[in-house]
Amino acid sequence: MITVATWNVLHRVHAENWSEDVLARWPDESERIAAVTARLVTRTEQVIALQEVSGDQLADIRRALPERTVYTLRYPRVPAPRHAIRPLRAPEEYLVLLVDGQSRKVAADSFEDDPGKGALSVETAGTLVVATHLSGDQRRTRQLARLAELTATPPGRAAVLLGDFNTDRATVASALGPGYDVVDLPPEALPTRPRTSSSEPQWIDHVVVRGGRNSSAAVEDVGGLSDHNLLRASITLWTRR
């Protein structure tokens, strides 16, 4: 069994550029950063994947979670404000994995077709864990194919994918193909990406397993800290190295 979570914590520059509701709730970014970190401190999952982590947020996480191993992928693209607002001291953007226990970094690469999205892989407890954030357009077709390559592990080795896929469960399952179990949330589950005026899917964050199954999963309300809610799951592994 391995417990995991994934959460897009919303980079402040993206929030400003897209006029997200978070801005009204948290006008002071330093206070929001502290609140995000405080929530992460309470998490007990063995592996936590985070997307859209600013340099300021990452520094706060490192300070508050010294017992966790923090793995990062720094994207080549730095989010650029559309307006003359610089709410961050370190505006670079990261993909992050927080791991409890022995682990090692396997790979960290942005996607060739999007320097602001990518995949970060670590090995822990005999399992390959890949954090990812995919583009919100047709580029994700190639990106999903790349994720299938990254998680085509040898027999006896399980793989777990965590992240913001920017598309619905059926699309992810179809693209990855047989052998992958994409978490199927109950009908009453909260959206992972709540929307009020859009036809776009609201369940776009996923936990995917190869060589195991999701034994339980739930979406947790983050109280307006981000435009995404947190998704957690317990995974039963069928095979081990």
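Lys 105 stands opposite Val 122 in β6. This is a predicted model, where local features need pLDDT of at least 70, side-chain atom pairs count only at pLDDT 80 or more, and totals for chains, interfaces and linings use all residues. Residues are numbered from 1 along each chain as its sequence is written, and side-chain values use heavy atoms, with hydrogens and water left out. Strands (E, at least two residues) and helices (H or I, at least four) are DSSP runs, numbered from the N terminus. Two strands pair if DSSP finds at least two bridges between them.

**Sheet with β5 to β10**

- Six strands form an open sheet of mixed pairing, in the order β5-β6-β7-β8-β10-β9.
- β5 and β9 (180-182) are the edge strands, each with a single partner, so one side of each has no neighbour in the sheet.
- From one strand to the next, the twist averages 15 degrees. Axes are lines fitted to C-alpha atoms, for helices over the stretch in contact, and angles run from 0 to 180 degrees between N-to-C directions.
- Helix α5 packs on this sheet and touches β5, β6, β7, β8 and β9. The direction of α5 makes about 20 degrees with that of β6. Contact means heavy atoms within 4.5 Å.
- β7 (residues 127-133) and β8 (residues 158-164) pair in the parallel sense over seven bridges. Thr 132 has Gly 163 in β8 as its bridge partner.

- Buried means under 20% relative accessible area, exposed over 50%, partly exposed in between (1.4 Å probe, protein chains only).
- β5 and β6 are antiparallel and pair over eight bridges. The hairpin that joins β5 to β6 passes through two residues.
- β6 and β7 run antiparallel and are joined by seven bridges. Gly 118 has His 133 in β7 as its bridge partner.
- The hairpin of β6 and β7 has two residues between the strands. Ala 125 in that turn has a positive phi of about 50 degrees.

**Gln 143 in α5**

- Gln 143 is found in helix α5. Its relative accessible area is 1%, so Gln 143 is buried.
- Neighbours within four places in sequence aside, Gln 143 is in contact with Phe 111, Asp 113, Asp 114, Leu 134 and Ser 135.

**Sheet with β1 to β4, β11 and β12**

- Six strands form an open sheet in the order β3-β4-β2-β1-β12-β11, again with mixed pairing.
- β3 (69-74) and β11 (212-220) stand at the edges with a single partner strand each, so one side of each lacks a neighbour in the sheet.
- The twist here averages 20 degrees from one strand to the next.
- β1 (residues 2-8) and β2 (residues 47-54) run parallel, joined by five bridges. Trp 7 stands opposite Leu 50 in β2.
- Helix α4 (residues 55-64) packs on the sheet, touching β2, β3 and β4 (93-99). The direction of α4 makes about 140 degrees with that of β2.
- The buried residues of α4 are Gly 55, Asp 56, Gln 57, Leu 58, Asp 60 and Ile 61. These buried residues pack against α3 (29-41), β2, β3 and β4.

**Pockets**

- On a 1 Å grid over the protein atoms alone, a pocket is an open set of points where a 1.4 Å probe fits, with protein on both sides within 12 Å along at least five of seven lines. Lining residues have an atom within 4 Å of a point.
- The largest pocket has a volume of about 1200 Å³. Grid points are joined across faces, edges and corners, and a volume is the space filled by probe spheres set on the points.
- The largest pocket is lined by 45 residues, with Glu 20, Arg 193, Arg 195, Asp 227 and His 228 nearest its centre.
- Two or more lining residues of the largest pocket come from each of α1 (12-17), α2 (22-25), β6 (114-124) and α5 (139-150).
- The lining of the largest pocket has eleven nonpolar, 16 polar and 18 charged residues. Ala, Val, Leu, Ile, Met, Phe, Trp, Tyr, Cys and Pro count as nonpolar, Asp, Glu, Lys and Arg as charged, and the others, Gly among them, as polar.
- The second largest pocket has a volume of about 230 Å³. Of its 13 lining residues, Ser 110, Phe 111, Glu 112, Arg 142 and Arg 146 are the closest to its centre.
- The largest share, five residues, comes from β5.
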